[in-house]
Amino acid sequence: MKLKTLILVALTIVGLQSHGQDNNYNYNNLAGGNLNVITTAVPFLIIAPDARAGAMGDAGVSSSPDVYSMHWNPAKYAVFEKDMSIGLSYSPWLRNLVPDMNLAYLAFHKRINDMSAVGATLRYFSLGDITFTDINGQELNTYSPNEWAVDATYSRKLTDKLSGAVAARFIYSNLTQGQVVGGGETSAGISVAADVAVYWEDDVNWFRDIDAKFAWGVNISNIGNKLGYSEASIKKDFIPTNLRFGPTLTLELDDYNSLAFSIDVNKLLVPTPPIYRRDSLGNPVPIPGTDKFEIAAGKDDDVSVVGGMIQSFYDAPDGFSEEMRELSFALGTEYWYNKVFALRGGFFYEDKSKGNRKFFTLGAGLRYNVFGLDFSYLIPIDSRNNPLQNTLRFALTFDLGNAGNAK
């Protein structure tokens, strides 16, 4: 991968990491529904890591538990029917842009007793090999930028129907490989974060002659300190703190066939970039005695992590209508035959002013004894040069023992 490709990847994937240190960021954005995307550091943390949820439109906060529940809702581990599970998933990422970028995910779950369980995952995101050149085009060195996160969770039943979980996460982002950028030496970005989640499920008799189960879940993930890539940085970027919630309805059609419908709603708990006031020449208007500029709409996004989480609900420059546009929606369905073969489909929607991701997903799953295999495929609505086109995900799962066998 050449240096110009790295720049493209940085803008597309890393989310304009430097905007927190650039007072000129977002001056040209206007309110009223025009582009005003919320960007964060380490956006790889919110990429769907597994093929099952990836086939359901990235819906998973209240779907039935599996070993990959850490990303979607770790509280589901407490009601997972298996005693121990191991999962490994792999996703070639944005292959329309870069040929060697990928996301790998290793997950583990172990039940402690009938009331509680633990889980852990390792997420590794590679940006491929990048060749740096000098001004004459001569190759200098080849680097392999990467990011990874390791986490662990404790999940426990709070009642017969409700479970909760807390998780801790260590995040390491080594994108610059110590290169000198803007006259200063860079370093790897490091952050720590936590998740808080709840999950509720119960049998319902809403339909004649059909057994059904209703569930809902809430997960606030990546609550953690800001991240920077230089010790000299005064300002750092928010990591993608995210609120995810939604319901799932599962219908047991008969002894062999079941059908589930899931909806996830997502909102980044990160401040929305404000709109800055400009003078007659189009330049930002400075605030005397400071290094800041006058805000025409919205609120200052240079706040603490907790302040940013609270402010994210009311700081959009275009008011309530823009706050609603910051919600993204995932709709998924899953059909199982005899708990052996699954077909899945889904749809993901994000407003055009907030990223414009809109895509359908398809997938299938197979279970045989302790072994499971899942596959998903993403179909963007606008396929013209769409970086998400032809996104595939593969996952292997090993489920060892039923929960009833746990000591």
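E326 is buried in this predicted model, with a relative accessibility of 9%; buried here means under 20% relative accessible area, exposed over 50% and partly exposed in between (1.4 Å probe, protein chains only). Its partner is K267, and the two side chains meet in a salt bridge at 2.8 Å, N to O, the criterion being a side-chain nitrogen of Lys or Arg within 4 Å of a carboxyl oxygen of Asp or Glu. This pair links distant parts of the chain, 59 residues apart: E326 sits in the loop between α5 (320-325) and β16 (328-337), and K267 in strand β13. K267 also counts as buried, at 5% relative accessibility. Helices (H or I, at least four residues) and strands (E, at least two) are DSSP runs, numbered from the N terminus.

As for the conventions, residues are numbered from 1 along each chain as its sequence is written, and side-chain values use heavy atoms, leaving out hydrogens and water. Because the model is predicted, local features need pLDDT of at least 70 and side-chain atom pairs count only at pLDDT 80 or more, while totals for chains, interfaces and linings use all residues.

Strand β13 (residues 257-268) also holds D264, which pairs with R244 of strand β12, 20 residues away. D264 is buried at 0% relative accessibility, and R244 is buried at 7%.

In a further salt bridge, D318 and R325 bring their closest N and O atoms to 3.3 Å. Here D318 is partly exposed at 26%, whereas R325 is buried at 18%. Across the whole structure, 19 salt bridges are found.
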